[in-house]
Amino acid sequence: KGLRGKGKGHQRAPRIPSQFSQEERVAMKEALKGAVQIPTVSFSPEELNTTALAQFGEYIHKVFPTVFKTSFIQHEAVGEYSHLFTVQGSDPSLQPYMLLAHIDVVPAPDEGWDVPPFSGLESDGFIYGRGTLDNKNSLMAILQALELLLIRNYIPRRSFFIALGHDEEVSGVKGAQKISALLQARGIQLAFIVDEGSFILDGFIPNLQKPFAMVSVSEKGAIDLMLQVNMTPGHSSAPPKETSIGILAAAVSRLEQTPMPNMFGGGPFKMALQQLANEFPFPTNIVLSNLWLFQPLVSRLMERNYITNALVRTTTALTMFNAGVKVNVIPPVAQATVNFRIHPAQTVQEVLKLAKDIVADDRIQFHVLNAFDPLPVSPSDDQALGYQLLRQTIQSVFPEVNIVAPGTCIGNTDSRHYTNFTTGIYRFNPIYLQPQSFSSIHGINEKISVQAYETQVKFIFEFLQNADADPRQGSSMPSWGLMAVGSFSLLTMPGPSCLPVDVSCS
Ligand SMILES: CCCCCCCC/C=C\CCCCCCCC(=O)N[C@@H](CCCCN)C(=O)O
Ligand SMILES: [Zn+2]
Ligand SMILES: [Zn+2]
């Protein structure tokens, strides 16, 4: 391992077929089960299961030994429990890219689950457990695909990074943000980033019979807004006309009952619907092909379903309410937290102003706990390398999927910590998702079929090789060679003395 074949950087390596032996297929599903069994739960930014996170680090060493011992792969633990892999490609003229996934999961109490959420049990062809869709599937599939390629003597041409955060579910401050700072210090620039965040969507839009792949090219912003009312406490036998609880409850109810404006047309979703138009039966196909005329109608229709509603506006979710100290005490203080998810066409400041105008009560104090604007829209045109590589790989691995369309991620991902490195950030999981499985993410009975997981490994196995395709050597891909002007050797970057040349750092 590790012979870099000096001077052979521009030779085209034969394509490695994505065929796995029975033994490999069993090993890959068992590896995922083992990952699910480690309860890497993030409860809050301060409360992570560090024992499980440490165990997870040891686990990936054990199940992916080739990744860790390959000379041209550098492994670094960052922020103690996150992991950064630097895979040095043989062609320094190609700009590197980065794959993201996260180790942590949201809590999963046993109640409501058919099997214990950290059992990783297989039943009826599905592996059950917290993290099987969000996001241990991606993490394990990335490392698994790389492991299988390395075993087949794969030497990548284009360098890439794999960044595995350990606190994505609670902020990414200790994981992704630290990896980002490290890459920044090394002067890294990336061709594109691929993270979790969207799927091959099946059954989300009424009348659309066929699934389509949505690659999210943007991500909603967010505000955690705490509203507070202070009142003089007193005896409940002689209450004032209004209490802090009553004032606050009325305020948050106004927020809930007054949706933010419908912004359909101001984000990537409109483009997706236009691309999908011909997949709908008459007359929807005509309506969607003529949004210049029917936009008001379509935007109203989208509001009817809570998932498509989230794509057309900033959403308002009342998530916490705290007040009262005793049954017979007028409460001195009441607090409520509202979680806004900001549409790509709005900003934090605009949403805050709207919220204050809706509440319209000077007795309410507003405290912004956390806020960030929506992420910029990444390119999805013919020249967008990351998008086109995803599209090409989707078409080869899922030939039955006719449409690949750009969309908006309604949740937040670690990718927002990496906006300095590239304009091309894409969120996509190569998995079919139905509304029911969408509800299982952060919900109950999260599961992935063994076949879907194998396909995810296959997808990344193909994707890694597609990223190496050389457009200057007769590929049908667009002129991405233009992006490769200059040299992108990671070997010359400042950093630990053990950067990947001949020995592994791990
Ligand atoms: C056009 C058809 C309808 C589209 C339907 C969209 C279907 C939704 C598909 C995927 C959404 C899944 C989102 C997965 C990523 C979310 C990850 C996550 O939970 N992130 C947390 C981060 C919290 C950070 C601390 N504040 C979150 O967003 O809450
Ligand atoms: Zn996730
Ligand atoms: Zn999540």
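Predicted model: local features only at pLDDT ≥ 70, side-chain atom pairs only at ≥ 80, totals over all residues.
Residues are numbered from 1 along each chain as its sequence is written, chains are lettered from A and ligands numbered from 1 in the order in which they are written, and side-chain values use heavy atoms, with hydrogens and water left out.

Ligand 1 has 19 residues around it, of which Phe269, Ile307, Arg341, Asn412 and His442 come nearest; a residue is near a molecule if one of its heavy atoms lies within 4 Å of it. By class, this shell holds ten nonpolar, five polar and four charged residues. Here Ala, Val, Leu, Ile, Met, Phe, Trp, Tyr, Cys and Pro count as nonpolar, Asp, Glu, Lys and Arg as charged, and the others, Gly among them, as polar. A nitrogen atom of ligand 1 is 2.7 Å from a polar backbone atom of Asn412, and a nitrogen atom of the ligand is 3.3 Å from an N or O atom in the side chain of Glu168. An oxygen atom of ligand 1 lies 3.1 Å from an N or O atom in the side chain of His442. On its own the ligand has 750 Å² of accessible area (Shrake-Rupley method, 1.4 Å probe), and the protein covers 90% of this.

His442 also takes part in the metal site. Its NE2 atom is a protein donor of the zinc ion (ligand 3), together with Asp134 (OD), Glu169 (OE) and Glu169 (OE), at 2.0 to 2.6 Å. Donors are N, O and S atoms within 2.8 Å of the metal (3.2 Å for Na, K and Ca); water is not among the atoms, so sites may look incomplete. The spacing of the donor residues in sequence is D-x34-E-x272-H. Asp134 bridges this zinc ion (ligand 3) and the zinc ion (ligand 2), which lie 3.4 Å apart. Asp134, in the loop between β7 (126–128) and α4, and Glu169, in the loop between β8 (160–165) and α5 (176–185), are 35 residues apart and link distant parts of the chain. Helices (H or I, at least four residues) and strands (E, at least two) are DSSP runs, numbered from the N terminus.

Asp134 is joined to Asn135 by a cis peptide bond, with omega about 10 degrees. A cis peptide bond also joins Phe282 and Pro283, with omega about 5 degrees; Pro283 is in the loop between α7 (268–276) and α8 (284–289).

The largest cavity contains about 150 Å³ of space. On a 1 Å grid over the protein atoms alone, a cavity is a set of points where a 1.4 Å probe fits but cannot get out, and lining residues have an atom within 4 Å of a point. Grid points are joined across faces, edges and corners, and a volume is the space filled by probe spheres set on the points. Of the 15 lining residues, Leu99, Ile142, Val194, Phe428 and Ile460 are the closest to the centre. α14 gives the most to this lining, with four residues.

Note on methods:
Polar contact = N/O pair within 3.5 Å; in protein donor to acceptor, adjacent residues only side chain to side chain. 1 Å grid on protein atoms, 1.4 Å probe; cavity = no way out; pocket = protein on both sides within 12 Å on 5 of 7 lines; lining within 4 Å.
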